[in-house]
Amino acid sequence: MNAARAPLRIAVVGHTNTGKTSLLRTLTRDRRFGEVSFRPGTTRHVEMARLLVNGRVVLELYDTPGLEDPIALLEQMDGMKVRAAKRLDGPTRIARFLQSEWATGRFEQEAKVLRQLLQSDAAFYVIDARDPILGKYRDELELLSWCGVPLLPLLNFVADERAAEDRWRTVLARAGLHAIVRFDTVAPGQGSERLLYEKLATLIDGHRERLLALIESHEQDARHRRQAAFGLIAEMLVDVAADRATVRGRDEAVLAEAAGRLNQRVREREQQCLEALLDLYRFTREDIELHELPIREGRWENDLFDPDTLRLLGARIGGGAAFGAAGGLGVDVMFGGLTLGAGTAMGALAGGGFQTVRHYGNRLVGALGGEQQLRVRDSILQLLAWRQLQLLRALEGRGHAATAALALQGQAGIPEAVAPWKGALPVALRRARTRPEWLDEPETGGRHDAIRALQAELGAGHESERT
Amino acid sequence: MQVSCTAPAGLVECRIIFFQRAGIRLAESSASTGKLSFTGRWIAEAVRLHERRHGRLDDSREVSHLLAGKDPVEQRIVRRAQVLAERMGLGEAVQQWRTGLRWGLAGLALIAVFTGFGAALAVLGDGQRSVNIIWTLAALLGLNLLMLILWLVGMLFGGRASGGALGRSWLQMARWPGGARRGIAARAWYSLGTECNAHRWMLGSVTHGFWCLYTLAAVLALLLALSLRAYEFVWETTILSSDVFVRFVQWSAWLPARVGFAVPDESMVRASQLAAEAVNGESQRRIWSSWLLGCLVIYGLLPRLILLLGSAAMLLYRVRRCRLDLHSPEWAVLATRLAPASEQGGVVDPDTMQAGIPDLQLDPEASGVPAVLAAELGDDIPWPPADWSVARLEYLGPADDRDRRQAVQQRLQDIRPARLLFAVDARLSPDRGLMNWMLRQCGFSAACGVWLIQADQADTGRLQSWRHTLAVNGFAPSMQYMDAPGARQWLVRGGDA
């Protein structure tokens, strides 16, 4: 009864600097947990984090200091064993050590680990798979196994070329540890969390249901997060598609100035979307550097309207209705918004959208008076969509332990011709094109519908890509 | 504000009560019971809109308070919004907007009654001239039916934003005059209504209610006029045959006849044609009046009443089911903040270590052959190094477990090297155990150095941590060697070379 109610206690143990705190950060999706650095022994205390399902604590994770001197400790304990009169089992020996003066002296840090381990239901034993199998690791393994607590070895950095996975597996098997998980704390990848908890469930009896609930809840969260992300991207795209600038006359300088203002608005809107995505995925802009993408400190490095950026997308730069200075700015010039179809006007009438009709009328009048409308090009919309989708993908595959130097260096630049939509833009965006009033009245139902439709489309595109 | 719902003035009151129930009262009563109301969500929406425009408000105190509680996520969002709204004075704006809605509703109702009444009286005229009965019916019913068709088209194709132009004008009336905050209350009302798909039904209710009142007023005006004045009912045509009218009257009379309205028969219709110079008898007048009223009630009032009830039911249903979509882009970020899937538990076993690092102590008397000692090396590093052709040099290690360490220590005690160079793998991580052991071995030599093998392969973080750890333990930067030639040179010739 009590066992079913109390949260499961999992100690995270391992040699120093193998990524224990990183694992905690990734599992809790909390970048602020503990302190991660490359200095050995950064964590000198035991720190706890809780995982919740529907507001109830399911798992308690204990981040422990690294075992830094296992050889000397084992030697010490072997000496104590010799002095003991009768045969002692592992936990008793550990308990004796914890009561000895050594546990508060030279081996205090190790004592913290072992004490925590004794109080836990199970432990994740984090291994840097790049390390050779040194004597100290064997001693460490022996000490940990004395605690009599189920150990689940986690091979970290298995993707590295130096990783010696097979040899580690052999050593672990010889120590009686056969259930092993590969888990990259920096880039865990999809599904690895599920594997981790499923393996854990096989190790400890009677907690399977709760661990499965945890898995389920996390996966559901991930799905919802992704949906929300698609919504944020859709909203940004609809806003940018609807945006336009009005210019009077055909003066190049005036046109360029108006195009510049429009472009600036688009940049800001994209930045806003980027920040919302970071927020949603619980990353902050100060400490994120996505090497896979040209983002630094939460800002895109290359400009959206840079011709090279566009060329990378394989987008057409010339042509269209653009001319003069506006041509290089990713902006189309329309003459009075006359591209508005009669169908839009009819639909607006039917829907009671008198606002739209009014706008339409205003634009018509403006056109007769020599007004021109600037709007962002299709290719820019494609590029925006592609960039944010890339960002989303990077955020999804990223552990919350990632710091700049740990980040996997992805290929630089952008592969060519990656426009999310071949040919025409989706209907929702084409609709948004004709509704500049959506920017002033964002609560309009039509805008809402367009965003939802685009959100669904992005989601469907994502699904088809995965299968 | 319990008023019995009697027509026609009562209907307005009825409507007000209804809207209060649907949107407003539902809210207040449930605040204490812990159930969430439409108003609560409405305020949350208003705060969201405010924050979208002006950035996130400072809510750290409220959030930590909420995190400590046990409320579900949506409730946390609403509670946070309530506190923030109080601070911004948004509650007042919400109240004002509500009042605005009520006044708007009353205004519309008044207009409906006056126009309905006026239209009926205007069409009938003063009784001096005979009344064109078909014309009268068309005038009183035509606009109503035309607008009904437009509404239907709007509902079919207009999406969530539809609901009728009259409903829209109601909102315009309620919005005027409005400050910025009241504007946000209105926008939130609008946006939440759209999100919950309640908005079209609300506007629909207003539109149908208006036409209901309009037609009802017209019927009453007709009754009044027909009671107190004598009208001659005729119909006329220039180009149509009289059969058209006969058939029209018969068809239109079919449904009213089912519910008991008296309807004219064929001979009476023919007799009422203006050209026939027929003068209505008393019974004929009564029948024509009955037909007129019947058509108005059945084709004008009844459909609108049914639609009003339907819309109102839908509105109530939608409002009751209205939830903030926590997975939508609008709320997901806040929901993650207010109900994180993990929480920090803090330090449970604090760091109390009195870091006792043994000092680096050398043996100045040692003068044996220089030794190079592999401490811990990766498997891919050959040992001893193949290209080191130095004859008078002692190669020791690798010493990465207890037995080897003991053997190495034994050997060092024997040879007492003048210079001892540790070879460590820079790609691995330094630790306290290794440092302690290295420091102890230094005691057997007169000078110590550390050679960081593969320093160019290690990532910068690891290399930094080595340099830092070594320096802290007494191996000054001048005693650290990053490349083989430098290390060998020191080993062979000593520090002064």
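At what angle do the axes of helix H2 (residues 38–54) and helix H4 (residues 73–88) of chain B cross, and within what distance do they come? In this predicted model, in which local features need pLDDT of at least 70, side-chain atom pairs count only at pLDDT 80 or more, and totals for chains, interfaces and linings use all residues, the two axes come within 8 Å and cross at roughly 65°. Residues are numbered from 1 along each chain as its sequence is written, while chains are lettered from A and ligands numbered from 1 in the order in which they are written. Helices (H or I, at least four residues) and strands (E, at least two) are DSSP runs numbered from the N terminus, and axes are lines fitted to C-alpha atoms, for helices over the stretch in contact, with angles running from 0 to 180 degrees between N-to-C directions.

The angle of roughly 65° makes H2(B) roughly perpendicular to H4(B), given that angles under 35 degrees count as roughly parallel, over 145 as roughly antiparallel, 65 to 115 as roughly perpendicular and the rest as oblique. The crossing of H2(B) and H4(B) is left-handed, a term applied if the near helix is turned anticlockwise from the far one by less than a right angle, with right-handed used if clockwise. On the H2(B) side the residues that meet H4(B) are Gly40(B), Arg41(B), Ile43(B), Ala44(B), Ala46(B), Val47(B) and His50(B), and their counterparts in H4(B) are Ile77(B), Val78(B), Ala81(B), Gln82(B), Leu84(B), Ala85(B) and Met88(B); two residues are in contact if their C-beta atoms, placed from the backbone, lie within 7 Å. By class, this contact of H2(B) with H4(B) has ten nonpolar residues, three polar and one charged, where Ala, Val, Leu, Ile, Met, Phe, Trp, Tyr, Cys and Pro count as nonpolar, Asp, Glu, Lys and Arg as charged, and the others, Gly among them, as polar.

A further helix pair in chain B is formed by helix H5 (residues 90–124) and H6(B), whose axes come within 10 Å and cross at roughly 165°, which makes H5(B) roughly antiparallel to H6(B). The crossing of H5(B) and H6(B) is right-handed, and the contact involves Ala119(B), Ala120(B), Val123(B) and Leu124(B) of H5(B) with Thr136(B), Ala139(B) and Leu140(B) of H6(B).

A second open sheet, of mixed pairing, has seven strands in the order E6(A)-E5(A)-E4(A)-E1(A)-E3(A)-E2(A)-E3(B), with strand E6 (181–182) of chain A and E3 of chain B at the edges. E1(A) and E3(A) run parallel and are joined by five bridges, with Ala11(A) opposite Tyr62(A), whereas E2(A) and E3(A) run antiparallel over seven bridges. The latter two strands form a hairpin with two residues between them, and Asn54(A) in the turn has a positive phi of about 50°. Between the chains, six bridges join strand E2 (residues 46–53) of chain A to E3(B) in the antiparallel sense; Ala49(A) stands opposite Gln344(B), and Glu47(A) stands opposite Val347(B).

Over the interface as a whole, 55 residues of chain B are in contact with 63 residues of chain A. E3(B) gives the most to the side of chain B that touches chain A, with eight residues, and that side has 15 nonpolar, 24 polar and 16 charged residues.

The model scores ipTM 0.73 and pTM 0.75. Chain B averages a pLDDT (the predictor's confidence in each residue, from 0 to 100) of 80, with 85% of the residues scoring at least 70, and chain A averages 77, with 74% scoring at least 70. The pLDDT is below 50 over residues 1–33 of chain B and over residues 335–357 of chain A. Where pLDDT is low, the predicted coordinates should not be read in detail.

How values were computed: Pairing = 2+ DSSP bridges.
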